[in-house]
Amino acid sequence: MKWILLIIAGLFEVAFAACLGKAKEAAGTESIYWYSGFILCLVISMSLLIKVTKQLPIGTAYAVWTGIGAVGTVLVGIFIFNEPATFWRLFFITTLIFSIVGLKVVSH
């Protein structure tokens, strides 16, 4: 259950980063909604991370959380914000995914 919560926390990290990107593109009231989504996702993500770190080592939990956030945010950037999907970006995101999986495998 702790790993599922950590994955959910990471997904909310992706969501708060996506909200920031959308808020940057929005104007007026719409940007307020995106910033509100950012704050809500941030609170949920951090709350879940705090809960998980009571059961998992902080180094592992934080690395996995940021890794999920980094990979997810790059993918959101590519698919939603039309950022470039170059070979090297995808190569390094792939190595990051393998590192996240490796941390889970070696954690107790």
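Let's start with lysine 22. Lysine 22 is partly exposed, at 28% relative accessible area. Keep in mind that this is a predicted model.

What does the side chain of lysine 22 meet in a salt bridge? The partner is glutamate 25, at 3.9 Å, N to O. Glutamate 25 is exposed, with a relative accessible area of 52%. Both residues sit in helix H1, which covers residues 2–25. They are 3 residues apart there, so about one helical turn separates them.

How many salt bridges does the count come to? The count is 2. Side chains of opposite charge can pair when their charged atoms come close. The other case to look at joins glutamate 83 and arginine 89, at 3.3 Å, N to O. Glutamate 83 is partly exposed, at 35% relative accessibility. Arginine 89 is partly exposed too, at 27%.

Next, asparagine 82. Find it in the loop between H3 and H4. Its phi is positive, about 55 degrees, although asparagine 82 is not a glycine. Is asparagine 82 buried or exposed? It counts as exposed, with 67% relative accessibility.

Move on to helix H4, residues 87–106. Tryptophan 88 lies in this helix. Tryptophan 88 is exposed, at 52% relative accessible area.

Now helix H3, which runs over residues 58–79. Pick out alanine 70 in that helix. Alanine 70 counts as partly exposed, at 31% relative accessibility. What does alanine 70 touch, once we leave out residues up to four places away in sequence? It touches Ile93 and Leu96. Here is a distance to check on the model. Alanine 70 and isoleucine 80 are 10 residues apart in sequence. In space, their C-alpha atoms are 15 Å apart.

On to helix H2, residues 29–52. Look at serine 31, which lies in this helix. Serine 31 is buried, at 13% relative accessibility. A polar atom of its side chain lies 2.7 Å from the backbone oxygen of glycine 28. Serine 31 also has contacts beyond its neighbours within four places in sequence. Those contacts are with Ala23 and Ala26.

Last topic: the cysteines. How many disulfides does a search of the whole structure find? The cut-off for a disulfide is sulfur atoms within 2.5 Å.

A quick recap to finish. Glutamate 25 pairs with lysine 22 in a salt bridge, and glutamate 83 pairs with arginine 89. Asparagine 82 has the positive phi. And the search for disulfides finds 0.

How values were computed. Residues are numbered from 1 along each chain as its sequence is written. This is a predicted model: local features need pLDDT of at least 70, side-chain atom pairs count only at pLDDT 80 or more; totals for chains, interfaces and linings use all residues. Side-chain values use heavy atoms; hydrogens and water are left out. Helices (H or I, at least four residues) and strands (E, at least two) are DSSP runs, numbered from the N terminus. Buried means under 20% relative accessible area, exposed over 50%, partly exposed in between (1.4 Å probe, protein chains only). Contact means heavy atoms within 4.5 Å. A polar contact is a pair of N or O atoms within 3.5 Å; within protein, one must be able to donate a hydrogen and the other to accept it, and residues adjacent in sequence count only if both atoms are side-chain atoms. A salt bridge is a side-chain nitrogen of Lys or Arg within 4 Å of a carboxyl oxygen of Asp or Glu.
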